Amino acid sequence: MALFQRNFRIGQIARSAVLSSFLVGSMVVAGSAWGVDTPPQQQANKPASKLQVLTDHASELALHAMGMLGIHYKYGGSTPEEGLDCSGLVNLIFKEAWGKELPRTAKQLSREGERVEKTDLQPGDLVFYNTLRRSFSHVGIYLGDRKFIHAPSSGGQVRIESMDVDYWKKRFNGARRISEPEM
């Protein structure tokens, strides 16, 4: 068990480094919020704008999600050790990053938060797909740059995909934005 946790943590750190390639320009990556020319103590004294706060919260979600890359899929799975399904991944990410409890299934998740148009997607939004010939049967987390992270299906692993792939384009059902935690 300890070896798994150590290797899992090392994998999380390595995978988190990949995050910047998906988020540059759309989000501030945690740990790089200070400008090169601005010392941390000067930056800390400036009040954060609402946009910056939202960006930081979305960054938290994305960083946690990137740490799950490579975890194997398991139907009904809700932990990295046993495996994750799509809604298990979403639930785990929101709980770890924000301490927020969400409903268990993709269909139930599709009723949470507020509806978001595809053109207004922001990192951290939930994206839904019809993969089982029924609406809202699959969910992932939008990362930005038309990419999302999800736990795909049996035999698969948590991975990042483009929303522009025909398979996903044809099956898109909508998106929801879960309200950020209270500050």
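A charge is taken to sit over an aromatic ring if NZ of Lys or CZ of Arg is within 6 Å of the ring centre and within 35 degrees of the ring normal. The legends below describe close-up views of a predicted model.

**Figure 1. A lysine placed over the ring of F172.** K118 lies over the face of F172, at 4.5 Å from the centre of the ring. F172 belongs to strand β8, which spans residues 172-177, and F172 is buried.

**Figure 2. The edge-to-face pair of Y129 and W168.** A pair of aromatic rings is described by the distance of the centres and the angle of the planes. For Y129 and W168 the values are 4.8 Å centre to centre and 70 degrees between the planes. Y129 lies in strand β4 (residues 126-129) and W168 in helix α6, so the contact ties together parts that are 39 residues apart in sequence. Both Y129 and W168 are buried.

**Figure 3. The edge-to-face pair of Y129 and F172.** The ring centres of Y129 and F172 are 5.7 Å apart and their planes stand at 75 degrees; because planes over 60 degrees apart count as edge-to-face, the pair receives that description. This pair links distant parts of the chain, with Y129 in strand β4 and F172 in strand β8, 43 residues apart. Both Y129 and F172 are buried.

**Figure 4. The aromatic cluster around these pairs.** The structure holds 7 aromatic pairs. Ring pairs join Y129, F148, Y167, W168 and F172 into a cluster. Y129 pairs with W168 and also with F172.

**Figure 5. The largest nonpolar core.** In soluble globular proteins, nonpolar side chains tend to be buried together. In this model the largest nonpolar core comprises 29 residues, of which M68, V90, F94, L126, V139 and V158 touch the most other members. Helices α3 (50-66), α4 and α5, together with strands β4 and β5 (138-144), each supply at least two residues of this core. The largest share, 8 residues, comes from α4.

**Figure 6. The largest pocket and its lining.** Rolling a probe the size of a water molecule over the atoms shows where empty space is left. The largest pocket has a volume of about 480 Å³. Its lining is made up of 22 residues, and those closest to the centre of the pocket are Y73, Y75, C86, L132 and S137. The elements that give two or more residues to this lining are α4 (86-98), α5 (106-109) and α6 (166-171). By residue type, the lining divides into 10 nonpolar, 8 polar and 4 charged residues.

Conventions
Residues numbered from 1 in each chain as written. Predicted model: local features only at pLDDT ≥ 70, side-chain atom pairs only at ≥ 80, totals over all residues. Heavy atoms only, no water. 1 Å grid on protein atoms, 1.4 Å probe; cavity = no way out; pocket = protein on both sides within 12 Å on 5 of 7 lines; lining within 4 Å. Points joined across faces, edges and corners; volume = space filled by probe spheres on them. Helix = DSSP H or I, 4+ residues; strand = E, 2+ residues; numbered from the N terminus. Nonpolar A, V, L, I, M, F, W, Y, C, P; charged D, E, K, R; others polar. Phe/Tyr/Trp six-rings, centres within 6.5 Å; stacked < 30°, edge-to-face > 60°. Buried < 20%, exposed > 50% of the residue type's maximum accessible area, 1.4 Å probe, protein only. Core = buried A, V, L, I, M, F, W, Y, C linked by side-chain atoms within 4.5 Å.
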